[in-house]
Structures are given as C-alpha cells and as structure tokens.
Amino acid sequence: MQIQDKPPVDSPFEWIGGEPAVQALVDRFYDLMDLEPAYARLRAVHGNTLDNARQRLFWFLCGWLGGPQHYTDRFGHPMLRARHLPQSIGGHTIGLAERDQWLACMDQAMGETGVDEALRARLRDSFFKTADWMVNDRQIVKKVL
C-alpha cells in the first residue's frame with residue numbers, strides 16, 4: 001500500500017461512520033432483500049422474519065469492520081461457514097445465485113447509504129471473498145474440489 005492509498009481513518013468501522021452507519025447499511029440491505037424481486041432467492045434462504053438476521057449482521061459487521069466486537073462477545077468466533085451450514089441441511093443451499101444476490105444487494109445498500117466509494121470498492125472485494133467461501137451447494141463444492 002502506498003502512502004496516498006492509506007485510508008483517512010484507522011479502521012473501516014471509523015471510515016464508514018461507526019455504529020449508526022453500520023446499522024443504516026444493514027437496515028437498507030434487509031429492506032432491499034424484502035423489496036427487490038432480484039433478491040428473491042436470497043430472501044428465501046432467510047425464513048419468515050429478518051429480525052434475527054438483521055441484528056446478527058449488525059453485530060458481526062461492527063466487529064468485522066474493526067469496531068466493537070458485539071458478535072464475538074455474545075457468540076464467540078463467527079465460524080461463518082459452519083453457522084450457515086444448517087441452511088443447506090434445511091433445504092436452502094447457498095449457491096452461486098445466492099452469493100451473487102447477496103453481493104449485489106449489499107453493493108446496492110452501500111451505494112444507497114452513501115458508503116465512500118473507495119471504502120465501497122475495498123468492501124466489495126472483501127465481501128466477495130467471504131461470500132464465495134459461504135457457498136455450500138454440494139454440487140458446486142464437488143466441482144471445485
């Protein structure tokens with residue numbers, strides 16, 4: 001990283017604007033999931049209500065972005081893939097379509113909540129790596145292995 005590439009703050013959490021901005025991002029993300037037909041497969045994975053997912057994503061993102069460790073304080077290490085495996089067992093796999101819808105929905109939410117473009121680009125890359133790791137569709141996983 002070059003000096004000119006250094007973010008203007010110490011952490012992405014500060015850069016995004018702290019807890020109020022993370023909450024706004026999470027709220028818009030789940031609102032979009034409920035509103036936009038383009039995210040229907042993603043929405044189907046989440047069950048009847050989004051309240052629990054909303055709260056947990058807020059807690060997770062705060063810590064993941066370098067802020068308060070709300071999620072790990074409550075639940076320990078996130079173990080994202082293991083925690084999302086029951087969706088596969090319950091009949092809702094996370095495949096490429098769900099991954100791509102999650103990424104598109106989050107990118108749209110970042111745009112609509114005013115996440116700085118440089119931070120948004122960095123988060124897009126990090127979100128892709130994490131979302132790609134979350135794919136648990138057995139047919140896709142077998143092809144990769």
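The model is predicted, so local features are described only where pLDDT is at least 70 and side-chain atom pairs only at pLDDT 80 or more, while totals for chains, interfaces and linings use all residues. Residues are numbered from 1 along each chain as its sequence is written, and side-chain values use heavy atoms, with hydrogens and water left out.

Start with helix α7, residues 96-112. Helices here are DSSP runs of H or I with at least four residues, strands are runs of E with at least two, and both are numbered from the N terminus. α7 has 17 residues and spans 24 Å from its first C-alpha to its last, close to the expected 24 Å; the expected span is 1.5 Å times one less than the number of residues. Its buried residues are Glu98, Arg99, Gln101, Trp102, Leu103, Cys105, Met106, Asp107, Ala109 and Met110. Buried means under 20% relative accessible area, exposed means over 50%, and partly exposed is in between, with a 1.4 Å probe and protein chains only. The cover over these buried residues includes α2 (18-35), α3 (40-45), α4 (51-64) and α8 (117-134). After α7 comes Gly114, with a positive phi near 80 degrees.

Asp100 is also found in α7, but at 38% relative accessibility it counts as partly exposed. Asp100 and Leu42 are 58 residues apart in sequence, yet their C-alpha atoms are 8.9 Å apart in space.

How does α2 run against α7? The two axes come within 8 Å and cross at roughly 125 degrees; axes are lines fitted to C-alpha atoms, for helices over the stretch in contact, and angles run from 0 to 180 degrees between N-to-C directions. That angle makes α2 oblique to α7, given that under 35 degrees counts as roughly parallel, over 145 as roughly antiparallel, 65 to 115 as roughly perpendicular and the rest as oblique. On the α2 side the contact is made by Leu25, Arg28, Phe29, Leu32 and Met33, and on the α7 side by Trp102, Cys105, Met106, Gln108, Ala109, Met110 and Glu112. Contact means heavy atoms within 4.5 Å.

Arg120 lies in helix α8 and is buried, with a relative accessible area of 16%. Neighbours within four places in sequence aside, Arg120 is in contact with Asp107, Met110, Gly111 and Val115.

Turn now to α4, which has 14 residues and reaches 20 Å from first C-alpha to last, close to the 20 Å expected. Among its buried residues are Leu57, Phe58, Trp59 and Phe60. Gly66 follows α4 and has a positive phi, near 100 degrees.

The last topic is the aromatic rings. The whole structure holds 6 aromatic pairs; rings of Phe, Tyr and Trp (its six-membered ring) pair if their centres lie within 6.5 Å, with planes under 30 degrees apart counted as stacked, over 60 as edge-to-face and the rest as tilted. Phe29 and Tyr30 have ring centres 4.8 Å apart and planes at 80 degrees, so they form an edge-to-face pair. Both of these residues are buried. Phe60 and Tyr71 are likewise edge-to-face, because their centres are 6.2 Å apart and their planes at 90 degrees. Phe60 lies in α4 and Tyr71 in α5 (residues 70-75), so this pair ties together parts 11 residues apart in sequence. Ring pairs link Phe29, Tyr30, Phe60, Trp64, Tyr71, Trp102 and Phe127 into a cluster.
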